[in-house]
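Look through the structure below.

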Protein chains: 2
Amino acid sequence: MVRPTMEDVARRAGVSRALVSLVMHDSPKVSAPRRDAVLRAAEELGYSPHMMARSLASRTSTVLGVMVSDLRNAFFAEVVEGLDAAARDSGFELIINTGGRRASREQRALRSLLAFRPAGIALLSPVLPVKSIDAAASACPVVLVSRSTRLTNVDTINDDGEAGSALAVDHLVSLGHTAIVHFDGGSAANSTSRRRGYLAAMRKHGLRPEVIHSEHTDAAGAKAVAELLQHDELPTALVTGNDFNAIGAISALEDAGYDIPGDISVIGYDNTSLAALRHVSLTTIDQPRMEMGRLAAEALVQRIRGQRAEPVRQLLNPTLVTRATTTEPARRQR
Amino acid sequence: MVRPTMEDVARRAGVSRALVSLVMHDSPKVSAPRRDAVLRAAEELGYSPHMMARSLASRTSTVLGVMVSDLRNAFFAEVVEGLDAAARDSGFELIINTGGRRASREQRALRSLLAFRPAGIALLSPVLPVKSIDAAASACPVVLVSRSTRLTNVDTINDDGEAGSALAVDHLVSLGHTAIVHFDGGSAANSTSRRRGYLAAMRKHGLRPEVIHSEHTDAAGAKAVAELLQHDELPTALVTGNDFNAIGAISALEDAGYDIPGDISVIGYDNTSLAALRHVSLTTIDQPRMEMGRLAAEALVQRIRGQRAEPVRQLLNPTLVTRATTTEPARRQR
DNA sequence: TTGTAAGCGTTATCAC
DNA sequence: GTGATAACGCTTACAA
């Protein structure tokens, strides 16, 4: 388990350590024969540079710290995948910690990351207090995904939840719907902006908004439908808080004898992989999650390279994915 | 961005660097007043130890390298989550790289990880050649998840795909089914053992097996049903290669006018989050994915601590999750 | 072009 | 208990 060092390579190649260092960074100012000798010696010994030692000596880092609440959440997993791809392109490695959406655990995770003196840190939807974020930002560049801030030394990458909900409402209105109800996402981080977008869009079209409180699960979607069924008159369309909620709602509506989309159109949010299943085929709102990860990494790299000082405020546009759960309203109201 | 060092803390507390080091490791052989002085100085300066320097000087590492093909795959995301939890419990951090299931990329990812001189490495379902794995194992402890090996210096954590399929067949047989068809997973890494388990279980029960070639997607499931419908006589039950395939099959069968499970019982594999949706409510086979991650981390930690030299060969038992897509066969055959 | 030597921020081994 | 001092594996002026 004891690996060869630069010293070993130097000795074997009959040169100095500094020369080996130059070769490893393929510096142009090394003569061909020496370079070959070094490369051969390294090859024979199975030498590979020691990143930590390199980092320490050069006072630079090729590590990007990432704090994510939970990788099982497909949203974060995709953002991390985007981060990873962009980081690799720029020669960085990811060191990942989970925070479980609990401030205390996030605090610890952040401290661990900082101990590696990373070149930059990406915080995905953190619940950390602003002062912790500010403190981190004074140690290295920081980018926030799915969270806003006024800190000018911190970049942010967000998806435009208001625009997404507006897209959903606009789509339904263009199909002829006027009675459109929103199932909201309760305490989830993104539900406020989604609700706000729904309300604004309804008002814009001169329609009366109605919000039923729900959560981001299929059980909650079914429960919200139960509540809805108490009404004298049913809406012709539903804008749900996310795909799971939509699936639960559809299932409950079908159980109650309604046809989707014949009787009621339903639209989800997130375009999770299940929305694409032919069994589900859910019309929904897509956010460019991988893209968000890429942009986060790029924002960090720019700051690391000192190419930018002003904060970046990315607000990504969601798009509508039309599938089989939305159509024109039935004529039953006449 | 220039952070205080141990030297700074020592100076401010009026002690030597060595003493600060002792305090940071809360060594018992430091007098209370000195310890307090050091702690206060550290606090005031916002000092935090430099992991890389510590690693270098102590010739130890608190880093676990992880290579995963794709975090968007829920299976791997959950395994990583388990790794992360167990690593944190033992004081390790994860540094993650993706390999995209391409040997060349995996090779590069592995090299990157090794450059950090990690304490151990976890390879999730790698397609790397054995010799690369062996080479890595000569640098540090290595654990393989979802891949077997004869290398005795490498541990493996696998789920028992044969047992899982047998569980599915046994369940159906106990309900009274005899005409049970398998949709296999094609070129996927796990499909061979699942198919083998199906075949063995059918033989065990004295039943005639029938395999229809398919893939791990819902579209493939639907396609396999189309093929099935050419038959004169339909089976009463389906053992599919995974949950997506099952959903696609169910959807296609319903479109063709069959009731699930009234006419045909269907069983999935993986217990993905979508199987639990009430709209789907799929009977399926569950593998303890988080647990696999935990065990992988523990295997590494044991080797790192020198507590074990013999290889670990974990074969985890899957379990049957009974939901709404399986029931007794209809009597139509009489 | 190549070598020398002084760090980088720690830990570890000694003396005291 | 506490403090020098020599590593750890590498980079980087600066000399040669």
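## Protein around DNA strand D

Helices here are DSSP runs of at least four residues, numbered from the N terminus. The model is predicted.

Which helices supply at least two residues each of the surface near DNA strand D? Chain A supplies them from α2 (17–24) and α4 (51–58). The largest share comes from α4(A), with five residues. In total, 25 residues lie around DNA strand D. A:Thr5, A:Met6, A:Ala18, A:Ser21 and A:Ala57 come nearest. By class, the surface has 13 nonpolar, six polar and six charged residues.

## Protein around DNA strand C

DNA strand C has 27 residues around it. The closest are A:Ala18, B:Met6, B:Ser21, B:His50 and B:Ala57. Two or more residues each come from α2 and α4 of chain A, and from α1 (6–13), α2 and α4 of chain B. Here α4(B) gives the largest share, five residues. The surface near DNA strand C divides into 13 nonpolar, seven polar and seven charged residues.

## Where the chains meet

Chain A brings 43 residues to the contact with chain B, and chain B brings 44. On the chain B side, these elements give two or more residues: α4, α5 (74–89), β2 (93–98), α6 (103–115), α10 (218–228) and α11 (243–255). That side of chain B has 24 nonpolar, nine polar and 11 charged residues.

Strands also pair across the two chains. Strand β2 (residues 93–98) of chain A runs antiparallel to β2(B), and three bridges join them. B:Leu94 in β2(B) is the bridge partner of A:Ile96.

Within chain B, β2(B) has another partner, strand β1 (residues 63–68). These two run parallel and are joined by six bridges. B:Gly65 stands opposite B:Ile95 in β2(B).

In a regular strand the side chains alternate between the two faces of the sheet. B:Glu93, B:Ile95 and B:Asn97 point one way from β2(B). B:Leu94, B:Ile96 and B:Thr98 point the other way. Why is β2(B) largely enclosed by the rest of the structure? Six of its six residues are buried, so the strand is largely enclosed.

## Nonpolar cores

In soluble globular proteins, nonpolar side chains tend to be buried together. The largest nonpolar core in this model has 97 residues. A:Ala122, A:Ala296, B:Ala122 and B:Ala296 have the most contacts inside it. Helix α5 (residues 74–89) of chain A gives the most to this core, nine residues.

Leaving aside its neighbours within four places in sequence, A:Ala296 is in contact with A:Leu83, A:Ala122, A:Val143, A:Val145 and A:Ile157. Another core, of 74 residues, lies apart from the largest one. A:Ile285, B:Tyr198, B:Ala220 and B:Leu253 are among its members.

Key
Residues numbered from 1 in each chain as written. Chains lettered and ligands numbered in written order. Predicted model: local features only at pLDDT ≥ 70, side-chain atom pairs only at ≥ 80, totals over all residues. Near = placed C-beta within 6 Å. Nonpolar A, V, L, I, M, F, W, Y, C, P; charged D, E, K, R; others polar. Contact = placed C-beta atoms within 7 Å. Pairing = 2+ DSSP bridges. Core = buried A, V, L, I, M, F, W, Y, C linked by C-beta atoms within 7 Å. Buried ≥ 20, exposed ≤ 12 C-beta atoms within 10 Å, placed from the backbone.
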